[in-house]
Amino acid sequence: MLDLTDEYVDDFIIPTMKAGAIYEEYLLGTSHARPCIAKGLVEIALKEGADAIVHGCTGKGNDQVRFELAIKHFAPNMPIIAPWREWDIKSREEEIDYAEAHNIPLKINRETNYSKDKNLWHLSHEGLDLEDTGNEPQYEKPGFLEMGVSPIQAPDAPTYITLDFEQGIPVALNDEKMSAKEIILKLNEIGGANGIGLLDIVENRLVGMKCRGVYETPGGSILYKAHSVLESICLDKLTLHEKQKLSITFADLVYNGQWFTPLREALSAFVDKTQERVTGKVRLKLYKGNMINAGVWSPYSLYSEEIATFGESDYNQKDAEGFINLFGLPIKVQAIVDGK
């Protein structure tokens with residue numbers, strides 16, 4: 001077995017977080033784990049001289065694509081076997097029947113048979129009562145949530161935290177230096193206890209169908225929020241807006257299993273350039289599922305209190321008159337033409 005957690009955080013999670021990549025509100029916890037797993041899988045397969053690689057993904061989901069595209073990148077001629085696309089078992093209930101008949105131990109039963117994926121970044125839930133979009137998730141039911149609690153069950157007092165970033169990378173939590181992985185694990189504890197990071201969405205799967213998922217991403221949600229707050233004072237308008245546009249493309253690539261592609265690498269290079277001055281400290285107040293801004297500081301801040309103030313400043317308000325005349329000239333000309 002391989003411990004890929006450091007590689008997963010440093011080479012997949014953090015680059016995606018720095019890009020601000022979000023797929024339909026989803027923070028991509030399953031999506032960017034798959035290329036990491038597949039990379040390690042191929043390394044072992046080649047080392048052991050395997051003549052094929054097998055995976056247990058169904059023919060309906062996204063993961064079959066994510067695994068196989070990564071496998072094709074590292075071992076383009078390696079045969080891939082997907083039993084779900086070949087055998088006669090067609091449902092999770094039949095899987096349980098098969099396992100029981102062959103004395104294979106299971107951690108689930110028919111009542112807890114959610115389709116789940118869990119790693120240090122998130123936990124996803126699909127299936128059972130969630131297949132009916134009219135059903136509210138059972139957030140307060142013991143055992144449903146695993147990484148935190150419902151906001152209803154969170155403490156009645158807020159929790160304050162500070163996060164320090166250097167060039168977009170988290171380096172300290174509450175003024176204590178930590179690795180990015182250690183920060184995520186600690187934020188999972190703090191965020192989970194405050195009901196942070198719950199998401200219930202119907203997303204558009206890669207294979208064309210819509211699917212409902214409930215996600216727990218407590219630490220990741222805090223990290224995305226703090227990073228975004230810091231960027232708001234460190235990035236100029238044009239760069240910030242262009243980055244927000246490209247973050248959608250980045251998210252699509254990650255969701256669709258296209259991590260190991262020239263475009264994703266090019267976008268990561270762009271992101272790294274934008275992060276050169278995303279350095280500073282963010283303070284957040286966590287309260288019953290909410291993340292509330294409580295302060296942000298950076299030596300590279302582009303915010304000028306002297307210019308933005310409603311009080312007296314050196315800003316010459318009369319300058320705006322000429323600017324508006326020029327900025328509005330095309331509208332004025334169009335109106336004159338239309339009037340004729």
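This section describes the nonpolar cores, cysteines and aromatic contacts of a predicted model.

In soluble globular proteins, nonpolar side chains tend to be buried together. The largest nonpolar core in the model holds 63 residues, of which Trp 121, Ile 161, Leu 163 and Leu 223 touch the most other members. Helix H6 (residues 218-234) gives the most to this core, contributing eight residues. Beyond its neighbours within four places in sequence, Trp 121 is in contact with residues including Tyr 8, Leu 27, Met 147, Ile 184, Leu 223 and Tyr 224. A second, separate core has six residues, among them Tyr 114, Tyr 139, Phe 144 and Leu 145.

No disulfides are found in the whole structure. The sulfur of Cys 57 has its closest cysteine sulfur in Cys 211, but the two are 14 Å apart, which is too far for a bond. Cys 57 is buried, at a relative accessible area of 12%, and Cys 211 is buried at 11%.

The whole structure contains 12 aromatic pairs. In one of these, Tyr 26 and Tyr 215 are stacked, with 4.4 Å between centres and 25° between planes. Tyr 26 lies in the loop between helices H1 and H2, and Tyr 215 in strand S9, 189 residues apart. Both tyrosines are buried. Tyr 114 and Phe 144 form an edge-to-face pair, because their planes are at 75°, with the ring centres 5.4 Å apart. Tyr 114 and Phe 144 are also buried.

The charged end of Arg 264 sits over the ring of Trp 259, 4.0 Å from its centre. Arg 66 lies over the face of Tyr 255, 4.8 Å from the ring centre.

Methods. Residues numbered from 1 in each chain as written. Predicted model: local features only at pLDDT ≥ 70, side-chain atom pairs only at ≥ 80, totals over all residues. Heavy atoms only, no water. Core = buried A, V, L, I, M, F, W, Y, C linked by side-chain atoms within 4.5 Å. Buried < 20%, exposed > 50% of the residue type's maximum accessible area, 1.4 Å probe, protein only. Helix = DSSP H or I, 4+ residues; strand = E, 2+ residues; numbered from the N terminus. Contact = heavy atoms within 4.5 Å. Disulfide = S-S within 2.5 Å. Phe/Tyr/Trp six-rings, centres within 6.5 Å; stacked < 30°, edge-to-face > 60°. Lys NZ or Arg CZ within 6 Å of the ring centre and 35° of its normal.
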